[in-house]
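Have the sequence and the 3D view open as you read.

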Amino acid sequence: MATNKVAAKRKLEKAVINEKANGSTSLTSDNESEDEDLLQTISDNDSTDGEDQDLSDEDSDGYVESIEGDSNEEDASGEEDESGDEDESGDEEEGTDDSEAEDEEGTDESDLEWESDEEESADEEPADSKLNEAKTSSNGKLGGKFKIDKVKGDKIKDTGAPKGPSKSPAEDKSSSDIVKGSESNSDEALQGKSEPPADEYAAGDTSDEEDIRNTVGNIPMNWYDEYPHIGYDSEGKRIMRPKTGDTLDQFLKRMEDPNFFRTVKDPQTGQEVVLSDRDVELIKRLQSGKIPDASFDDTAPWVEYFTSDVMKTPLRKFPEHKKSFLPSKSEAARVSKYVHHLKMGWMKTRQQRAEERQKKREKNFYMLWGTDDNASEEMRRIHNHLPAPKRLLPGHAESYNPPAEYLFDEREMRQWESMADTPHKRKLHFLPQKYSSLRAVPAYSRYIRERFLRCLDLYMCPRAMKMKLAIQPEDLLPKLPSPKDLQPFPTTLAVVYEGHTDMVRTISLDMKGQFLISGSDDCTVKVWEVATGRCMRTINVGGTVRSVCWCPNQSLSLVAVAADRKLLLINPGVGDNLVVAKTDALLKEIPEESSAVPERVKTAVQWEQGNEEEWSYGIRVVVTHFKEIKQVTWHGRGDYFSSVMPEGANRSVLIHQLSKRRSQVPFSRSKGLVQCVLFHPIQPMLFVATQRHIRVYDLLKQKMTKKLETFAKWISSIAIHPNGDNILVGTYDRKMLWFDLDLSTEPYKALRLHGTAVRGVAFHKRYPLFASASDDRSVIVSHGMVYNDLLKNPLIVPLKRLAYHDSNNDFGVFDVIFHPTQPWVFSAGADKTVRLYS
């Protein structure tokens, strides 16, 4: 059957070519496009006929229907063909449905337009001759049964669709429309009647707007992802899923099919749709941001659709919107504003203004001798007036003949005269006098003055009722817990450590809290037993001791002492004898230098082993600096320690390593006058305090992470909380600053508890306590609770002021430190003593 169809197509093409060669009919370019549509229609019908397997042998041989002029002719041959036509009708309708579905997807409408009857009659004869010759040339041998529509005699008007070798879906649809229309109007076409096709929208039928190729309904197509079909038709039969090739087929199609770039897949039906040249051009114009219609002239002259003439009837026929009948919100707000002004008396009517003007013209009269109680409220200068208290009635002392006990004697008279400068302190403001009779009483000499002062008091100091908030000074203070609820904390002086001959500047405790070491201006270091106050050992270091610090490593018995320009590592020789011997054995071994020491470090610090004399005193290692040392502090592990030289410029901070006996200069540039440094108890961080700022450095990344603003003139000391999240800073301008590192770079609290410079601050390692020492000879112990909840601020409550030291040259307490395990605090003062408070 397929061979017969191909042969029929070729015969029809040869007939058309012969007809053009012989010149029997002169076809215009529009007739040529009509032939292509005719061929496309035949091919569409052939494809539909291939699905129908019930055609008769007579149908398979094929024939060309005779198209008669009489539309009502009913002969036997026509009746025999009805059965075959019914079989084809289903196929043709299916093809029509496909074309309508493609029209729904957005393809172009038929490019054919019917012209006037005059143009139709002009080309009627050539079209009829073309149809007859095409029918005779085929000689009834066309494969498959089909009907040839009469080629309309009118010209087919091209609307601009591009012509090319490939057929677009729009062209296929137009061809199928011609074939379908020719079945119903074939008789009228033979008589030369050219009428435009019936308007399918005239009856209100808009069913072609729906995509009827997929008859499964408006359902999600992903329901059938796991099945070979995509739904069911109206008869309950499965609609099989169209075959999709694999990657190799797609590649071959991309290489061989010239229309591959314009082929898209319909997601609803799964069919491949070939876009026409017009569709491609439309998409390109949309992508480039142009107007889709190429024939649109965006520079056309302006057409004034609306004129300025006032019309009697409106242009709009639809009624006004509902919001046009609702009250305006802006007008309602304005009315509300006017009502408020009327209530307050700010806006008045014309009648009210006229009455006010009339009252101003009238003369006002007042009761001159009326009392305050009878005066109307409108006449008062002070509203809500309170009347003045009445004068007390005269007593016996004011009588002209008072009893003898009311008269002044000599002692009372002298007391009266002594209060001449302060008359308000006198018991009576007059002298009681006695007269023989009322006629002998003279006129009161101060009457006029007292009355004047009374009137002046009533006028200048009127009594009015005013609303006043009764705020007590206690209400302005925050509600703090009672100190009794925050115990334990040191409250009394327990032990006094005496023995130094000059001011004690610094103190330090070992990790167990058993021994105390103190450094003084008398160039000595003393080791004390905490419990008994007994001096265990005195070591002469040959210079003013400004800082001492016990090594936090409990496996070593070692103390770092800063005396002038020397940093001494001393074994105090107290405590466990095994630890003392182990420390001496460790410090006797001098490690080898693994690398060359930089010249910058070599000129700043030099390591030396203690000689025999120094070794007998307990001095094991001497680290000589090039400037005077102010502070020394240990790292938490006990291997590293740092020294501070405020005058050392860019080498003012040095970090030393005990195990390798080497030093390094961490800063290449001067950050200011460094006062003190401190290691973080947990993280590898270093806090460097200059005069006004505190810089936080990450030792691993070797960069500054934070810069704390103290807003102070001079920083004296710093202390860090055992958790490492809070810092306490003491300043010489009488302030203590509490920093929360997780909160801000500015102080969380500024405490002004001292009257003079704050010399030292310290945190307790176990209890929520901190202390401060000042030159006002006092040590103030405070409660400082830090919560694990980041949303809760620390609680700071001052608890106790301990002032037991004596002053010496305006110096008070230099250093303060807590016991590592007990709620005890130690203080070193300028009165040459160290005191323990428990």
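Two strands count as paired if DSSP finds at least two bridges between them. With that in mind, in this predicted model, Ser717 has Gly730 of β24 as its bridge partner.

Which residues cover the two sides of β24? Asn726, Leu728 and Gly730 lie on one side, while Ile727, Val729 and Thr731 lie on the other, and all are buried.

β24 runs antiparallel to strand β23 (residues 715-720), with 5 bridges joining the two. On its other pairing, β24 is joined by 5 bridges to strand β25 (residues 736-740), again antiparallel. In that pairing, Val729 stands opposite Leu737 of β25.

| Hairpin | Residues between the strands | Residue with positive phi |
|---|---|---|
| β23 and β24 | 5 residues | Gly724, near 85° |
| β24 and β25 | 4 residues | Arg734, about 70° |

Now to the helices. Helix α10 covers residues 277-287, and its buried residues are Asp279, Val280 and Arg285. After α10 comes Gly289, with a positive phi near 80°.

Helix α12 (residues 350-361) holds Arg353. Where does Arg353 sit in terms of charge? Together with Arg357, Lys360 and Arg361, Arg353 gathers in a patch of positive charge on the surface.

Notes:
Residues are numbered from 1 along each chain as its sequence is written. This is a predicted model: local features need pLDDT of at least 70, side-chain atom pairs count only at pLDDT 80 or more; totals for chains, interfaces and linings use all residues. Side-chain values use heavy atoms; hydrogens and water are left out. Patches are made of residues with over 30% relative accessible area and no salt bridge: like charges are joined within 9 Å, nonpolar side chains (Val, Leu, Ile, Met, Phe, Trp, Tyr) within 5 Å. Accessible areas come from the Shrake-Rupley method with a 1.4 Å probe; for residues, only the protein chains shown count as cover. A salt bridge is a side-chain nitrogen of Lys or Arg within 4 Å of a carboxyl oxygen of Asp or Glu. Lys and Arg count as positive and Asp and Glu as negative; His and the chain ends are not counted. The place of a charge is taken as NZ of Lys, CZ of Arg, CG of Asp or CD of Glu. Buried means under 20% relative accessible area, exposed over 50%, partly exposed in between (1.4 Å probe, protein chains only).
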